[in-house]
Amino acid sequence: MTNNFLEVNGVALPVPSTMTQSDYDLTDSERNAKGIMVMQMIRADIHKLECTWNILRPAEYMKIRNAIKQKYNLDTKYFIADLNTQGTIKTYAGDRTTPILMYENGDPNKPVYKGFKLNFIEM
């Protein structure tokens with residue numbers, strides 16, 4: 001297993017150049033009439049995986065885009081740091097950023113993508 005192993009719906013994606021994991025807590029909170037915070041924990045440790053690929057060729061880029069085509073309810077398998085093990089979570093695909101670096105041999109049908117970003121957020 002490589003350090004940045006990532007699989008979505010059974011498809012092994014190209015290894016991300018960077019992969020940052022975050023955990024979030026979902027709360028319902030407000031302040032009462034005395035100014036004291038009242039909070040209810042709705043859900044703890046929601047996982048977010050921020051991935052960046054420095055350079056992608058068209059076939060690699062399309063492999064990722066096809067794997068996330070359904071956008072939500074994705075089985076995302078990776079090394080989950082806070083569990084210290086490889087596991088699978090249900091995620092949805094967050095916003096995607098797709099800058100084009102250049103075109104191979106000047107061919108507009110052969111883009112090379114630079115800095116493609118994609119977040120996987122636990123459902």
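The dialogue below goes from the whole chain to single residues.

Tutor: Let us begin with the basis of the values. This is a predicted model, in which local features need pLDDT of at least 70, side-chain atom pairs count only at pLDDT 80 or more, and totals for chains, interfaces and linings use all residues. Residues are numbered from 1 along each chain as its sequence is written, and side-chain values use heavy atoms, with hydrogens and water left out.

Student: How many helices and strands does the protein chain have, and what pattern do they follow?

Tutor: Helices (H or I, at least four residues) and strands (E, at least two) are DSSP runs, numbered from the N terminus. The protein chain has one helix and eight strands, and along the sequence they follow the pattern β-β-β-β-α-β-β-β-β. The radius of gyration of the protein chain is 18 Å, well over the 14 Å that the globule rule gives for 123 residues, so the chain is more spread out than a compact globule. That radius is taken over C-alpha atoms, and the globule rule is 2.2 Å times the number of residues to the power 0.38. Along the principal axes, the C-alpha atoms fill a box of roughly 65 × 30 × 25 Å.

Student: What percentage of the residues in the protein chain is buried?

Tutor: Buried means under 20% relative accessible area, exposed over 50%, and partly exposed in between (1.4 Å probe, protein chains only). Of the 123 residues in the protein chain, 33% are buried.

Student: Which residues of helix 1 are buried?

Tutor: In helix 1 (residues 58-67), the buried residues are Tyr61, Ile64 and Ala67. They cover an arc of only 135° around the axis, which puts them on the same side of helix 1. The arc is that of the directions from the helix axis to the C-beta atoms. The cover over these buried residues includes strand 1 (6-8), strand 2 (11-12), strand 4 (37-56), strand 5 (74-80) and strand 8 (111-122).

Student: What is Thr97 in contact with, leaving aside its neighbours within four places in sequence?

Tutor: Thr97 is in contact with Gly115, Phe116 and Lys117, when those neighbours are set aside. Thr97 lies in strand 6 (residues 85-97) and is partly exposed, with a relative accessible area of 42%. Asn84 is 13 residues from Thr97 along the chain, and the C-alpha atoms of the two are separated by 29 Å.

Student: Where does Asn105 lie, and is Asn105 buried or exposed?

Tutor: Asn105 lies in the loop between strand 7 (100-103) and strand 8. At 78% relative accessibility, Asn105 counts as exposed.

Definitions and conventions: Contact = heavy atoms within 4.5 Å.
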